[in-house]
Each structure stands twice: as C-alpha cells, then as structure tokens.
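User: Could you walk me through this structure, starting with one of its pockets?

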Amino acid sequence: MGKKYSINSAGFIVAERDVYSLGGFIPKGNIGGKVASEEQLSQDGECWLAGGDISSRPDIRIKDNAFIGNFYPGSNPVHTDGVTEFSGNTKIPGQISIRAFSADAKCDMIVRDSFIGIFMDCVCGPATNTKAFPFEQGRFNQDASKGTLFTSATMRVDAENFVRNTAVLRIGKDTRIYVPPGFNARIYWAYYTDSPSGFAYAGESETATSTLYKLSHPIYNTCMVAYARNPTLTPAELETSGARVIGHISGSLLMDLRPESVSGVYVMDGSEFIMPTDNFALATTQLRFLAGGLINTTMYTKTDRQDYKPYGTFRNVERLEYIQYLADIHRGNANRDHYIVASDSPLVRISESFVSGPLVNARGVTLRRCIVPKASFTHNKVLGNTYEDIDFSYAQEHIGKTVAGRTLYSSHMQGHYDMFSSGGELTGVINRPENLDDTARLTEAHVYTQLDGDIIEQGGYSTGSSGSYEIYKINDPNRVRMKTPLTTRGAVFPALPSNYRMKAILYLDDNFISKSYETDVTELKNEYPYFVASFRKEDDSAITAKEFISKGLFIQGSDYTKYPIISGSGYVGAGVTVRGDVQVTGQEYEKRYFDINKWEKGGINESLIPQGWEAGKNPPGGSTDADRRRFKEVIPVEPGAVISCNPGYWFNCYVYAFDGTYLGTSNWSQAWAITPSRASFIGVILKKSEAASGTGYIEDSDIPLAEARYVKAFKRLRYITNELDRRDPSDILLGPDYWEQGSMASGEENAGKTYEELKTVYTKAIRLKRPINVFMPGQSTGQGAGFNVSRQVFDALTKLYSPVSDAVYAKTALITLVIVKSDASEMSPNEAPDSRVYVEFKPSPRIVVPYGSATLNISRVKIRMYDNAVLSRNFNQEGSITLQGNAVMGYDFDSGACLCSNGHDDAIIKLP
C-alpha cells in the first residue's frame, strides 16, 4: 500500500487515499493541517490532522488512529524538546492546543485512547438566540447525490413545515437529538471534501426513530439535521418545543491544555476530557492546567470561566465532574500533582470549597472506590485525607453549615459529618444537626501534664534557633525548666501563681530542633509543633525544682484522637459540654440523595417488571429515553422509610422482597412511605411532573433539582396499658402491677420536688409506681373513651419540671402518668387496661442537664450510650461507663447521691 498522505509545497498534508478517520471520512485529495515532516504524523493507521499547524512543534507526534480536528501551536515560547504524543484511538474533533511553557518545568504528555472536546447540550432555535443551536426555515434534499455541498441550491429546499440547522453537527462520544412528541427529524450524513471550506452530503440520510435518538455512523462523523411538523414549523416554534442537540462537539472553540506536572510526566490514557456547556455561542478559550494522570477516566469540567486547574491523578474513575477553581498560586505548589487522587468511583464531584491551604499542603484528598456526589473537605490531622469505600450521598445536605459553633465537613464515617473548630481541629462527629442543641459543645479530650519531677529540672534555656534544644540548656539557680518537649497543638498557657512567670520558651520543629526563642511569655503559639520552657520568680530570686513542683501546676493539652460521636437519634442537650471518647448511638439515621450516578436514561415495561428490575427495563432508544430516568440497579430499603422528591418532579417505586418477589408499586408520587412489610429492594423511575402526558425531556441538570431521596424514619416505641393496642413486639405493657392508687401534686410551687414527695392520696385516680423513660419532643399520649390521662415531666433524679416548655421537654429524662375516669368516679389499678392509655415516642440516648443546673460537663471518662438511656451527671474522672436500654444515670448536686433508674427491666449500667 502506498503512502496515506503527501506534504505539499506549503507544508500541508494531502490525502493520497481515502482515510476512514475517527473524525469521519477523509476523501482522497483532502488537504489537512501543516506538518514539518512525516515524523510528526504517522503514515500507518488512520491517524489524521484535519487542520492547524504543528510544523513549529517538533514535540508533537500523531500516530495509530488518533484524530485531531485543529491544532493551534500558539505564539508563546514552549518546550519543544519533550514529547507530546497522540496515539491509539484518541479523538479530538475540535480545536486543541497543548503547551508546556518554557518558563515552567518540562512535562511530557501522552494522550492515548482519549477523547477531548467541548460538549454542547443546546436547545435548537433561531440564530437570534445566540445560545441555541441555529436553525433556519427549510429542509435538505435527501435525494441529492453524494458530494453535493450543503451550501448549494440543489441541497437546500424551501419548506413551510421544516427547519434545518445552519451549523455543522460534530459527533462526540454520545451525541443525540431530542425529538419532541408530534415532531419528526431526519439526519443527513456529511463529510469535508476540502476541509474546512467544502462540506458535502454523503448521500445517506435516516429518520430519527425515537424521541432521544443517538447519532452514530461507522464512516461519517458529521451531519446536518432537519425537524418537521405539520402543517407548519418555524425556528422559534422549534425552540419553544424544547428540541435539543445533545453532545455536539465545538469545532472552533479553543481548548488550551497545559500539562504542568511537578513530576515531569502527564499521561492521558483512555480518558475523556469533556467540558459541558448549554451555550452554542460560547467564545472563550477553555484553558486547563493539568498535573497528574487521568488514566481510564471520564472528566467533566465547567465552562463558566476561562481557566481551571484540574490537578490530580484520576485512575479508573468512570466520571469525575471536577469543578474546583484553583488560584494561580497553586501552580507553584510542589504537591499539585496530588491535590486529588480518585479510583474506581462511578462519580466524583468535588465541591467548590474543598481546597484549603493546609489541605493542599497535605497533598489534597485521596478517594478510593467512593461515590462523591457532593462533599466538602478540610485537612483532617487526626484521620488523614484518604477516604475509602464511603458513599457521601448519605451526608451532603448540611456540609459547610455551622452547627453548635462548629463547621461541618464530609466525614470518614459514612452518613456522618466531621465537626471542625475555627482552628482547623476535629472536635466531634455527628449524624445530623438535630443531634445537638445549638449551645451544646463537642470537643476533643483534654489531657493534663503535671509540672512535676518527671518534667521539671533545675536550670534555664539560652537563645537558640538552629540546633537541638538540648544544647541550649544552661545552669541557673534562678530558673527551672521543662526537660522534655510538649506539643503546642491544643496547649493552654498554665495558670501560674502571682509571683511566678514563664521566663523563656523555645519553639521546636518535628525533629526537636530549636526554631524560635521568646522571653517573658504570656501565651502559647502553635506556629511550631513542640516547645520547652523555663520559669522564674517575679523578683528573679533563687528557685529550686522542688519548690516549683510543690505548687501542683500543670499544662493543659489536647488529645485529638479522642472525640465524641453522636449518631442517629442520639442527643446532647443545651448547656452540655462533652469531651473525648464519648459515643451516643441511637437508632440508625439515613438520608440518602440519589445523584446522577444512580440514574440512567430510559423507562420500564410494566408487564415485565414482575420478572425483575433488569427484565423490566426498556432497551435503549425507546420512546421513554427522553422523558424518564430510571435506577441503574435496585437499592436496599426498609419498610417505613420514605422516598420523596421536590415539586416539579414525580417518581414511581417498584418494590421487591428479599427473594425477588415483586410486591407492587407506589404509583406516581412526590412522597411515599414504603408500606409492604416484606419490602427489601426498590427500583425507581423519575419524570417531570409538569408534563401531564408523561413526556418532556429530562436532562442531567434535573437530577440535583429533583433531589430524589431516601429517608429511613426512626422507629417509635410505645408504652401501652392494653394488649389490644400492641402494634409491635417491642411495645412495653404497663399492666396493673405498674400502677398504684393516688395522684400527683403539680404546679410551679412544687417544681424541684422529687417523685416520692409529690405523691398524694386520691381514690379517684391511679398513678405509675415509678416514672418511665420517655424522650418528650414529638411524643404523643392518648386514652380510650371514658378516661383522661395527665402527665408530668422529671429530670434524672425524678425532680419535677414546672412549668413545661419545648426547652424543658428536650432535657426531660422521665415522665409519669395519672389516669382518672371522665365521670370522676372511683378508679383502681386493675382498671388500667380499660383506660387504653398509650405513650408513643422516639427512643433517644441523650445527655441532658439536670434540674436546677444550666450546664453539665463530661470529661476524661469513656462513655457508650445506646437505645433510650439518659445521662445527667458531671464527670471528670478516668473510667468507663455503658448505659443501655432505658438506663438513667443522674446526679443530685445537693446530696451527692447517684440515681440509676429505668422504666422497665432491660437497663444495663456499667459504672467506672
């Protein structure tokens, strides 16, 4: 076989045979781009340079089947002694520039099997709407011969019921047209005869056979399209209909990629680098600074500004929508190759606020096998910045918010939020904002280093800022010093007696090398990680280590590896400060958003759905591809959970049992509780609600607007007095043995009195023998006909709260019930079942302040709380406590007595 191309006298390539390139058919004689020699464009394969100039760029190599639509060399000095290779099945239909400036480090770039393009999802309409894909009145002649130019009179036909496009439609990775109901469309395949001036009809056309029609041809990769509707159709009416061209690749808008890897190599291998826009007239050069890998990756970047810096190594990520803008200062950061590393995830979308100085300096975020539809990160000094096997769609609603004085970020615990202080320290983890009253505080464990003989010795320190702190020790009878370093992180300046001062401090680096010396210090700084200090008397008289140690002084620090975790229905109330290793674990809470990674185009076949979700899916190209999105796979669910979405959208759920048995459907809805008791899995389809007929194009941008979500409701617990009211085996029966004759005193004058003090004699009422543990917010109480029930609320020591309010309800530990008959007749405990009294509430393990106190502090003790347990006691001691079931632990500040109380017999308490 002869040469594929020759080079004419002007340096441009000329096809010596028909070339079946990835960019479409190149006929013999077609003139392409400009090259310096055959070393730049291989004669083998179907590779081609359709336009542009690489003759001044000896670093450019095009081989195999790579196709470049138009290469722009630029006028700035760039490295030309490296390698920029386009190989394999790389396809770049548009205008591209690859430039590593000579002022920057040299960076080779290998683009293999990649796709690069500006992806336009545009409404079709008249040219007066510059954002729209432009159309004019008329149609094309489908019977014209091959090679007829689209600009010729032979090809252009007047028609009142047709409109035709005026811009070349270039096929991308997944290019489609949307044909609204009542419309028809025809595609006319095309190629360039003398690129780019001669655009010719290929002699082939086809009718769009579905509402969302995929454009694909084995030879031709450009086309024109005409829409039709009887009796008339104008470009303006086409725009109103919502007709679209999806995935057109711009041929003129420049993509300027600048590989600037610190390590010197940038590789794109099997990648898709796509910049989506809905603006056909977008005219701003899309500049992207690259550092890292992009291997087997799909990447989307925004087009709302000219320059983005998508730094990172993205390996095997199916789709990465990286929208973070990085300021120019990041280009010089030595860690920029590692700002983001992602693997195996079907979708990663990094939030616009994830980059911070400490996070960047710690080499960014590493995500492995994660779905990250929305997340926000900051440097986690305790747990590091690697997140593995976490689906962040379980906790995205509240990221970036301030809760109880802390800022919420994405957590290493799925479904939770990390709480960070203004100083950038991890202080706690919560499942949802409702876990905390806004005045509650979660913080790391405090540690206290005694300034005793283990750390204090005679002598001082001299000025030093370049060697080990040991060499700056001096003998001095008027000084005592710390002989071992302490961390500055979280350290608090010690409370010294009035006649003592901190004379000097040496700040040290991680190797205990002195970096800064200060005298007469009054505060501790955290610019350096460690410090040592010396102390003196105010009058600078002699001091001994023994004398200083006798003062019992200490330096408070922080153990950031120990922090509270409050989950599910757990609660920490107003005025409570919790430090260290405390876990309050309530019922599991789940609120999951179904992001774009969960959905695919298409509807379902109702008759096949009973055979399984996969069996019920309509094949691609069906009539519902445009107006439906469906789950790619079913998801596990629990009965009682709720599926919902925002107004403007509808969903339908298809429910399956664990063994695959089909259990029915929700029918179209915006909120639905999963009712079948055997429900284990659901598949969901989504559409726009404003289209009453069920039609209307639904696009990727609709998914976040719809906010389809799954919320697993908390299971409610019931105290009942009659077995006939039992709804669940966990319901607690308060039979006659739980009751006694009598009533309870009430009113503000009795506030603070204990349960036993409030008991009164009354033959027309019965009361509980002892109070029961109920979380009051959201609870409900009821009774049967002929009876009335009243309640009173108490703290953990059974002290009465009166009057009651929402704030009192939130810190209630116990309640009691008093039952009377409506006719005011006599009543006995044996009649309790007849009253049909019940109390329904959400169980919540909780830490709340006791009666008479505005604050409660927990520190140093390890605590585990579950179920419906209550803790209302200060702790500042070493030990371990487990509270389970309906356990209640309180503290009487007057008597010093501890009370452990419960409503029935499943409480477990393990004391220090």
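Analyst: The lining of the second largest pocket divides into seven nonpolar, nine polar and eight charged residues, where Ala, Val, Leu, Ile, Met, Phe, Trp, Tyr, Cys and Pro count as nonpolar, Asp, Glu, Lys and Arg as charged, and the others, Gly among them, as polar. This is a predicted model, in which local features need pLDDT of at least 70 and side-chain atom pairs count only at pLDDT 80 or more, while totals for chains, interfaces and linings use all residues. Residues are numbered from 1 along each chain as its sequence is written, and side-chain values use heavy atoms, with hydrogens and water left out.

User: What volume does the second largest pocket have, and which residues are closest to its centre?

Analyst: Its volume is about 530 Å³, taken as the space filled by probe spheres set on grid points that are joined across faces, edges and corners. Of the 24 lining residues, Glu-425, Thr-488, Arg-489, Gly-490 and Asn-526 are the closest to the centre. A pocket here is an open set of points on a 1 Å grid over the protein atoms alone, where a 1.4 Å probe fits, with protein on both sides within 12 Å along at least five of seven lines, and lining residues have an atom within 4 Å of a point.

User: Switching topic, is Glu-699 buried or exposed?

Analyst: Glu-699 is buried, because its relative accessible area is 16% and buried means under 20% (1.4 Å probe, protein chains only). The residue lies in the loop between β62 (679-688) and α5 (702-706), helices being DSSP runs of H or I with at least four residues and strands runs of E with at least two, numbered from the N terminus.

User: And what does Glu-699 touch?

Analyst: Not counting residues up to four places away in sequence, Glu-699 touches Asp-121, Arg-244 and Arg-629, with contact meaning heavy atoms within 4.5 Å.

User: How many residues are in the largest nonpolar core?

Analyst: That core has 91 residues, and those with the most contacts inside it are Ile-62, Phe-86, Ile-177 and Tyr-227; a nonpolar core is a set of buried Ala, Val, Leu, Ile, Met, Phe, Trp, Tyr and Cys residues joined through side-chain atoms within 4.5 Å. Strand β12 (residues 115-126) gives the most to this core, with five residues.

User: How many helices and strands does the whole chain have?

Analyst: The protein chain has eight helices and 81 strands, and buried residues make up 57% of its 912 residues.

Note on methods: Buried < 20%, exposed > 50% of the residue type's maximum accessible area, 1.4 Å probe, protein only.
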